[in-house]
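Q: I'm new to this one. Can you walk me through it, piece by piece?

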Amino acid sequence: MKKKDLSERDITTKYVLPALTRASSGWDVRLQIREEFTLTADRVTTKGHGGQNRIPKTGKRADIVLFYKPNLPIAVIEVKDNNHAVGAGMQQALAYAKLLDVPLAYSTNGDAFLEHDLSGTSKTIEREVPLDRFPTPDELWRRYCAYRKISPAEEAVAAQDWYPGTEDKRPRYYQIKAVNLTVEAIAKGQSRVLLVMATGTGKTFTAFQIIWRLWKAGVTKRVLFLADRNILVDQTRNNDFQPLGKALTKITNRKVDKSFEIYMALYQGVTGSEEEKNIYKQFSPGFFDLVIVDECHRGSAAEDSAWREILEYFKSARQIGLTATPKETETVSNIDYFGEPVFTYSLREGIEDGYLAPYKVIRVEFDKDLEGYTPGKGKFDKYGQLVQDRTYTRKDFDRTLVLEKRTPLVARKVTEYLKQTGDRFAKTIVFCEDTEHAARMRSALVQENADLCLENDRYVRKITGDEPTADQDAYDFTTLDSRYPVIATTSKLLTTGVDTQTCKLIVIDQEIGSMTEFKQIIGRGTRLRDEYGKFWFTIMDFRGATRHFEDEKFDGPPEQIYEPKEGDPIVPPEADDKDAPPPSPSSPRRGTSRDKVFIDDEDVRVHRQDVQRYDATGKRIEAPVEEHARAVLLGVCKSRKDLRRLWLAVEERGKLLGVLEQQGVSTGDLAAKYGEGYATYDLLAHAGFGASLVPRRERAKNARVEQVLTRHQGLPRKVLEGLLAKFAEEGLEALDDTAQLKLRPFDKMGTVVELLRAFGDRTKFEKAVAALEGALYDDA
């Protein structure tokens with residue numbers, strides 16, 4: 001077979017890997033070479049069409065990443081077939097090298113390598129390297145060290161092995177960067193380090209790997225890990241920190257055992273207003289080499305905070321702060337103490353990379369929230385207390401004055417949403433003003449969900465610090481396979497750090513003035529769990545808190561904002577004042593009925609609202625759905641023919657869908673406008689170029705499709721017919737996705753390997769699918 005007839009995969013196997021593993025180069029194919037290395041996942045959308053929540057082919061994979069040691073990447077290689085020039089893949093390689101923060105990028109077509117070197121050690125930035133002269137691992141490591149300014153004395157620490165972990169716990173590219181940059185900073189002598197990583201991106205896994213590597217390198221012998229919630233410490237200890245085994249202990253009951261190497265503690269549990277409660281002083285100031293503060297934003301960045309007091313005591317130790325939301329105000333600062341972050345991974349980046357869940361917003365505003373409530377002179381509440389004659393606004397409700405008909409209305413709207421979405425067991429957190437409000441909200445939700453509460457009285461639970469069962473309830477709520485509780489009412493306890501992986505609905509009935517607190521609440525829903533059907537989540541906002549999305553400091557805007565009016569369904573359709581609320585109190589919200597007056601004879605109603613849509617930058621889209629889609633499409637495709645060309649090139653299709661998603665074009669919105677039963681291609685062709693809408697079932701029956709099927713017999717034909725049926729009936733559009741071959745009806749036909757082998761190999765399967773798609777989307 002001629003070289004130019006070989007696929008990209010063949011070029012890798014027959015030319016690139018032999019060049020790397022030959023004796024003169026010396027790369028270990030098992031430990032140092034990773035093929036098809038996943039950088040980002042396919043992006044998730046809340047507006048999936050055709051049963052797809054991930055946009056196919058939007059994830060990024062590097063053809064080859066070279067590692068000096070596992071999880072120490074030093075170079076990227078992009079491979080093209082031999083019909084391309086040697087340097088055709090360079091721009092792609094540079095983009096991936098930038099993501100991994102490595103200085104070396106290579107492009108090849110099997111004839112030679114084009115090298116791009118940012119290390120500053122070469123005379124030229126780009127040069128061609130013959131296949132038989134690819135640099136050795138040691139040579140590229142030296143260039144990496146020059147790029148990162150790692151001295152020979154610092155190399156041993158910078159190259160310390162990671163904890164090997166398991167196949168299902170491989171670090172993501174940003175976690176690799178976070179760990180390596182932190183370890184390098186410590187190796188260079190930096191004593192204070194700040195890591196900023198969005199909620200749900202694995203801060204404690206990152207912290208564990210940092211501890212493991214510094215501990216094994218001998219840089220640190222004793223470590224103190226501080227958190228501010230029992231559940232945070234226990235989750236971390238039982239999950240990410242489990243490999244530390246018998247070296248690890250948790251300080252409890254204010255008792256100290258100095259025989260361990262790694263300690264976990266609540267900083268409230270080792271400090272106190274009385275000197276004898278400051279048990280951290282039972283350790284000498286030099287006892288710990290490393291102190292890590294988790295969630296270091298939480299009311300604890302002030303100079304007189306508990307963890308600041310502990311860090312000042314252990315000032316000779318290296319200190320690392322972890323947070324999703326660094327706090328920066330006139331009086332409170334993480335950066336003032338730790339310095340600028342060595343690494344930041346934002347909510348926006350996590351959503352764009354397909355590692356965090358996007359979300360929709362439902363805004364519900366009541367008449368009294370907008371107009372206020374004035375009781376008039378001589379008004380007494382239900383308990384006979386005289387009510388002060390003034391206008392009470394939303395910031396007063398459930399703090400100083402309770403409109404008793406308001407809480408049941410919130411509960412009714414929440415329950416309506418759960419019923420209308422058909423998922424009454426969707427994990428839900430309702431954030432209330434204080435513990436008393438959380439108790440009333442629990443009662444109102446029990447009333448609205450009496451049928452399910454009769455089946456199990458744990459369907460709704462109040463999870464607040466004053467409840468003796470709070471820790472157990474929180475544990476059960478966050479455990480993946482635990483059915484109950486389903487709805488949790490809370491005030492502060494679940495706002496931060498708690499790993500609520502399957503939470504699908506966040507309800508805000510609490511005034512939130514702090515951007516830090518707002519981000520933490522949003523973070524309760526951002527974790528993805530594909531296997532549990534958790535691809536996105538919804539925020540129901542009864543307090544106008546989501547106005548924070550309009551703040552330029554917010555780094556991850558919603559995909560859709562829906563504001564139903566009286567009588568509208570609470571579930572948003574699939575179509576079509578920047579003033580922040582007053583600051584929320586920093587002290588725990590433990591409201592009691594004696595703090596408030598209760599009004600039971602004032603009606604509360606839903607006010608008029610509208611629907612708003614935003615693009616990925618947070619810019620509001622004013623144009624109607626179809627008009628906006630047409631404008632964006634015309635900027636990407638010159639004609640309908642151009643659209644078809646992009647659609648049939650699988651990688652280009654992914655890029656196109658990514659661009660449309662970024663600019664706020666939702667195929668789900670178009671499907672709602674034009675009706676179900678159409679392929680995404682038809683929705684776009686109709687919106688952008690006025691093409692006729694052709695139902696999927698009609699496309700599946702056209703003559704050209706039958707011509708393609710007749711070229712195959714036996715098992716291959718059955719597979720193609722199965723894919724065709726999924727396209728027509730279920731809206732499957734990523735026909736080349738081999739993950740589908742694990743599902744019905746294909747699982748009855750054979751294993752994925754057996755099905756691909758029936759076509760000859762994976763390449764021939766992909767060619768057969770490409771021919772089928774060409775026939776499906778035949779515009780003639």
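Q: Let's start with β10. Which way do its side chains point?
A: This is a predicted model. In β10, Ile262, Met264 and Leu266 point one way. Tyr263 and Ala265 point the other way, and all of these residues are buried.

Q: Why would they alternate like that?
A: In a regular strand, side chains alternate between the two faces of the sheet.

Q: How many residues of strand β10 are buried?
A: Five of its five residues, which span 262-266, so the strand is mostly covered.

Q: Which way does strand β8 run relative to β10, parallel or antiparallel?
A: Parallel. Strand β8 (residues 223-227) is joined to β10 by five bridges. Take Leu226: its bridge partner in β10 is Ala265.

Q: And how many bridges join strand β9 to β10?
A: Three, and this pair is parallel. Strand β9 covers residues 248-250. Here Lys250 has Met264 as its bridge partner in β10.

Q: New topic: β18. Where do its side chains go?
A: Ile487 and Thr489 point one way from β18. Ala488 and Thr490 point the other way. All four residues named here are buried.

Q: How many bridges join β16 to β18?
A: Four, with the strands running parallel. Val430 stands opposite Thr489 in β18.

Q: What about β17 and β18, how many bridges there?
A: Three bridges, again with parallel strands. Arg461 has Ala488 as its bridge partner in β18. From β17 the chain passes through α15 to reach β18, and this β-α-β crossover is right-handed.

Q: Which residues of helix α15 are buried?
A: The helix spans residues 470-478. Its buried residues are Ala470, Asp473, Ala474, Asp476, Phe477 and Thr478.

Q: What covers the buried residues of α15?
A: The cover includes helix α7 (230-238). It also includes β16 (427-431), β17 (460-462) and β18 (487-490).

Q: Do β2 and β3 run parallel or antiparallel?
A: Antiparallel. Five bridges join β2 (residues 60-69) to β3 (residues 72-79). Leu66 stands opposite Ala75 in β3.

Q: Last stop, Asp682. Where is its place?
A: Asp682 sits in helix α21, residues 680-689.

Q: Is Asp682 buried or exposed?
A: Buried. Its relative accessible area is 2%, and buried means under 20%.

Q: What does the side chain of Asp682 make a polar contact with?
A: The side chain of Arg699, at 2.6 Å.

Q: What else is Asp682 in contact with?
A: Leave aside its neighbours within four places in sequence. Then Asp682 is in contact with Ser692, Leu693 and Val694, as well as Arg699.

How values were computed
Residues are numbered from 1 along each chain as its sequence is written. This is a predicted model: local features need pLDDT of at least 70, side-chain atom pairs count only at pLDDT 80 or more; totals for chains, interfaces and linings use all residues. Side-chain values use heavy atoms; hydrogens and water are left out. Buried means under 20% relative accessible area, exposed over 50%, partly exposed in between (1.4 Å probe, protein chains only). Helices (H or I, at least four residues) and strands (E, at least two) are DSSP runs, numbered from the N terminus. Contact means heavy atoms within 4.5 Å. Two strands pair if DSSP finds at least two bridges between them. A crossover is right-handed if, with the strands pointing away from the viewer, the path from the first strand over the helix to the second runs clockwise. A polar contact is a pair of N or O atoms within 3.5 Å; within protein, one must be able to donate a hydrogen and the other to accept it, and residues adjacent in sequence count only if both atoms are side-chain atoms.
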